[in-house]
Amino acid sequence: MFKTIKYNDQYLAKILLKRTLLFILFVMTVLFLPWYWSIIRLLYNQWQVGTFNQVNWFMICLPLVISLGVLGYFGWFIPWLYRVYSLDHDNLIAHYLSSIEIRQLLSLLVVSKGFYDTDSDEKGQYVKYFPKIRVKFLFKTGQLMIEQPVDGQKYMQQFSKGEFDTAVEIALLADKQTTEFAKNKMTSTFAFEPIKFRRKLLELEARKGVLQVAKGIDWKFDKFYNALIAGNVGTGKSYTMFSIIGQLLTLTKYVDILDPKNSDLASLKHLPELEGHVFSDINDITKCVADYYDKMMKRAEIMERKKSRGVIGSYFDFNFAPSFLIFDEFGAFTEMGDSLPYGSDERTNFDLAMSKMSQIAMLGRELGFYILIGMQRPGTDSLPTSIRNQLNLRINMGVPTPEVKRMMFPDTQKEFHPLSNDLKGWGFIQSGNEEVRSFFAPEIPKDFNLHEYMREQIGKRKVS
């Protein structure tokens, strides 16, 4: 159910606090009325008999002290409900308090942006025009729907261009998901509790052409081909890659994993099921890239022969399985390669591998050969432009630095803020030219074992 935002909603929480305190004062007065009456009669009788100086002032002031104490307590308790309780709980009371604060904030944003008009008459100044903004709360999914006017009024352009949406994202630390236009209105949907979209690692289910990242966020790799996952140590980059690799292994056996720093992913070479598909030595890595490229070109020749007979389509139309090259710590690989002496066989193989990586990135989509690159800090010196421009899914774990933001999300005006001070595994994701969204990576179980998980995922593929 949508609620209309009004000009006076900017004082909503304060007004409700005052009304609540007045109501409590009224209730306390009614409850203590017999006490007050008995005190008045006592004072009157003692004044008549001349014993007024013997009055027990403690008992006389006690009901007033109790009333002021109760008012003081509720004067502290109600703001605490807004500031603390509503943030830490998920129930009707917390939802009601959150809705009050959000309605108040939306009204304040309209006023602060100047999207309203005033006039005056002999009675004083009044609000002549206030835009018809309506809001709907979806607490189960942590979403907020804001209906804004696109009705030919004075501030229509500001709403349609997303100026108000940008202010909402900053003020609520929200995440705009979609914007839909209808006659005389536009409706923007925001996620103001991204953690509610978090999935569990063991519940992820890949399907043809689609990998799950979070609720409502999928990697459709046939459309948004090739991926980049960036993030410093401890931000959850590796676990995000685990969740993607695990799903890939349920879809195809053609998954090659490269880890030049010989870290977590490199340990997968000890799995018999992945023998010959995991490499950490720089020479083995360059050879794997060359082999991956050769397989791609061989498929291209097969598809070209089929197309010469008039058959058209992409790799899946010819019943080919997708292939993936997972390249973690790509920045470390380029540093290792740059340190090799010019003219050596190792340097020649490295330069050739980098050239073929660019070819795979540009030609692989139609042929079903994809790359997923993981690195800490993407930069022009460690990630060539020819590859970076072909990475259509971009994930940054944690808050990106200004430099990384320009590299990862060059066209966004979104302000990036931490999603949690306690939890790890959150970041920001963009598919193609869609909105940059905040998300929490799949939740990893406490007793997680990487090898057992990958073995189970491979088993799912064999069963299917």
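I keep in mind throughout that the model is predicted.

I found an open sheet of five strands in the order 1-4-5-7-6, paired antiparallel. Strand 1 (3-5) and strand 6 (175-182) each have a single partner strand, so one side of each lacks a neighbour in the sheet. I noted an average twist of 25° from one strand to the next.

I checked what lies across the sheet. Helix 4 (residues 92-113) lies across strand 1, strand 4 (133-138) and strand 5 (143-149), and runs at about 150° to strand 4.

I turned to helix 7 (residues 237-251). At 1.5 Å a residue its 15 residues should span 21 Å, and the end C-alpha atoms are 22 Å apart, which agrees. I recorded helix 7 as mostly covered, with twelve of its 15 residues buried. Among the buried residues I listed K237, M241, F242, I244, I245, L248 and L249.

Helix 9 (residues 330-338) packs with helix 10 (residues 345-367) at an angle of about 140°, the axes being 9 Å apart. That angle makes helix 9 oblique to helix 10. I noted their crossing as left-handed. In the contact, helix 9 contributes F330, F333, T334, G337 and D338, and helix 10 contributes R347, F350, M354 and M357.

Note on methods
Residues numbered from 1 in each chain as written. Predicted model: local features only at pLDDT ≥ 70, side-chain atom pairs only at ≥ 80, totals over all residues. Heavy atoms only, no water. Pairing = 2+ DSSP bridges. Helix = DSSP H or I, 4+ residues; strand = E, 2+ residues; numbered from the N terminus. Axes fitted to C-alpha atoms, helices over the stretch in contact; angles between N-to-C directions. Contact = heavy atoms within 4.5 Å. Expected span 1.5 Å × (residues − 1). Buried < 20%, exposed > 50% of the residue type's maximum accessible area, 1.4 Å probe, protein only. Parallel < 35°, antiparallel > 145°, perpendicular 65-115°, else oblique. Left-handed = near helix turned anticlockwise from the far one by under 90°.
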